[in-house]
Amino acid sequence: MPAKRPDAEPKPGAAPVGAGLPAKRPAQATELPLADHLADLAVEALIDEADLSPKPGLVDRRGNGAHPDMSLALMHASALALWPCLRQMAEAALTIGAISPLLRATLGQLGREGEVAMLAATGGVNTHRGAIWALGLLVASKALDPQAQATTLAARAGRIALLDDPATPSQDSHGLQVRRRYGTGGAREQAQQGFPAVIAHGLPQLQRSRAAGASEPHARLDALLAIMAVLNDTCVLWRSGPTGLAAVQHGARSVLSDGGSATLAGRRQLRRLDQHLLHLNASPGGAADLLAACLFLDKAGSL
Ligand SMILES: CC(C)(COP(=O)(O)OP(=O)(O)OC[C@H]1O[C@@H](n2cnc3c(N)ncnc32)[C@H](O[C@H]2O[C@H](COP(=O)(O)OP(=O)(O)OP(=O)(O)O)[C@@H](O)[C@H]2O)[C@@H]1O)[C@@H](O)C(=O)NCCC(=O)NCCS
Ligand SMILES: Nc1ncnc2[nH]cnc12
């Protein structure tokens, strides 16, 4: 959880937290400005994703997976460094009030500033570029319509992503190089289509696994696997090409078809997948970002 901020403190003389409210209502939802609350939820989703273990090929509580330049502490530092940028994105959406070229340009500028903050916090390592993109759009979408549920939020985020940002630098990213080489879409297209990997796969799997009695960490691991099974992850393609992507997608499906991470057979498949990905130097970093988006939508979609 991010550190509690000064403006989260009750004002002197204010009614005690929860006074007159049903006992279980989260105090934070009623006390904080919406932009602060959405930034808190987004950062919490990033930290929950990083902590979740055992994730194949990724940084988690066990170690740095296929990323010699990352660690769990670095992921946490990166997530916390993104709070101001995510808050400003929500604030911009609240102020501008509608999907428009101005909102797109403002989010683009804030996103680039967020990337600078991330790189400063990590000493130049790209820990969360895809997450800034996905969560930035989703936080803005929720700020535009605080009552909206997950599917509507993701679809509206997609409409923002479809707008051009004239200030987008013509930098040759890994994602663009992969797109040229293999003809697949990446983070941009996933957002523009309304995050189908999350809405049609990650979130339903999260709910199915919970309903089947899986613990919360197992349900979240299953949601990650459901995303991995369908995503054209440019992080995987960049590092290990179509062979790596096939291994990720096939391996993730095998865990789920063997009963998921809560079963002994599923855990055996998961261990095999982790070893295989480390051998290939493959990392499903894009799927990890989308798991954070899924966890954000799970909470923000039911506020
Ligand atoms: C539109 C942008 C997302 C840019 O996209 P593009 O594809 O051009 O750029 P990339 O730099 O490749 O970043 C995309 C990141 O998105 C993640 N990702 C990959 N595939 C998907 C997918 N199908 N769906 C969703 N998300 C996906 C992925 O992030 C993770 O991978 C990171 C590590 O990747 P990489 O940099 O390749 O690093 P390594 O493999 O470690 O490299 P080596 O060590 O081998 O050198 C990991 O940390 C995760 O974060 C991709 O990295 C968007 O970013 C953009 O336009 N930004 C500009 C500002 C803006 O407009 N912001 C809007 C704010 S709302
Ligand atoms: N847990 C993780 N490990 C490696 N790259 C990531 N990008 C986002 N989350 C990640």
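Reader: Which helices each supply at least two residues of the shell around ligand 2?

Author: Helix H2 (34-51) and H14 do, each with at least two residues. A residue belongs to such a shell if its C-beta atom, placed from the backbone, lies within 6 Å of the molecule. Helices are DSSP runs of H or I with at least four residues, strands are runs of E with at least two, and both are numbered from the N terminus. This is a predicted model, in which local features need pLDDT of at least 70 and side-chain atom pairs count only at pLDDT 80 or more, while totals for chains, interfaces and linings use all residues. Residues are numbered from 1 along each chain as its sequence is written, and chains are lettered from A and ligands numbered from 1 in the order in which they are written.

Reader: How many residues surround ligand 2, and which are the closest?

Author: The shell of ligand 2 has 15 residues, and the closest are Leu58, Val59, Gly285, Ala288 and Asp289. H14 gives the largest share, three residues. By class there are seven nonpolar, six polar and two charged residues. Here Ala, Val, Leu, Ile, Met, Phe, Trp, Tyr, Cys and Pro count as nonpolar, Asp, Glu, Lys and Arg as charged, and the others, Gly among them, as polar.

Reader: What makes up the shell around ligand 1?

Author: Ligand 1 is surrounded by 36 residues, with Gly111, Gly130, Gly175, Gly285 and Gly286 the closest. Two or more residues come from each of helix H5 (101-122), helix H6 (129-144), helix H8 (174-182), helix H9 (187-192), helix H12 (234-257) and helix H14 (285-300). The shell of ligand 1 holds eleven nonpolar, 18 polar and seven charged residues.

Reader: Which helix gives the most to the shell around ligand 1?

Author: H6 does, with seven residues.

Reader: How do you know that the length of H6 agrees with its residue count?

Author: The expected span is 1.5 Å times one less than the number of residues. For the 16 residues of H6 this should be 22 Å, and the end C-alpha atoms are 23 Å apart, so the two agree.

Reader: Why is H6 called mostly covered?

Author: In H6, 16 of its 16 residues are buried. A residue is buried if 20 or more other C-beta atoms lie within 10 Å of its own, exposed if 12 or fewer do, and partly exposed in between.

Reader: Why is phenylalanine 195 called buried?

Author: Phenylalanine 195 has 29 other C-beta atoms within 10 Å, so it counts as buried. Phenylalanine 195 sits in the loop between H9 and helix H10 (196-211).

Reader: Why does glycine 97 count as exposed, and why does aspartate 40 count as buried?

Author: Glycine 97 has 11 C-beta neighbours inside 10 Å, so it counts as exposed. Aspartate 40 has 22, so it counts as buried. Glycine 97 lies in the loop between helix H4 (83-96) and H5, and aspartate 40 is in helix H2.

Reader: What kind of peptide bond joins serine 53 and proline 54?

Author: The bond is cis, with omega about -5°. Most peptide bonds are trans. Proline 54 lies in the loop between H2 and helix H3 (72-81).

Reader: What makes up the largest nonpolar core?

Author: That core has 92 residues, and Ala140 and Ile227 have the most contacts inside it. Such a core is a set of buried Ala, Val, Leu, Ile, Met, Phe, Trp, Tyr and Cys residues joined through C-beta atoms within 7 Å. Leaving out residues up to four places away in sequence, isoleucine 227 touches Ala197, Val198, His201, Gly202, Ala287, Leu290, Leu291 and Cys294. Two residues are in contact if their C-beta atoms, placed from the backbone, lie within 7 Å.

Reader: How do you know that the chain agrees with a compact globule?

Author: The rule is 2.2 Å times the number of residues to the power 0.38, with the radius of gyration taken over C-alpha atoms. For 303 residues a compact globule would have a radius near 19 Å, and the chain has 19 Å, so the two agree. The chain has 14 helices and zero strands, and buried residues make up 49% of its 303 residues.
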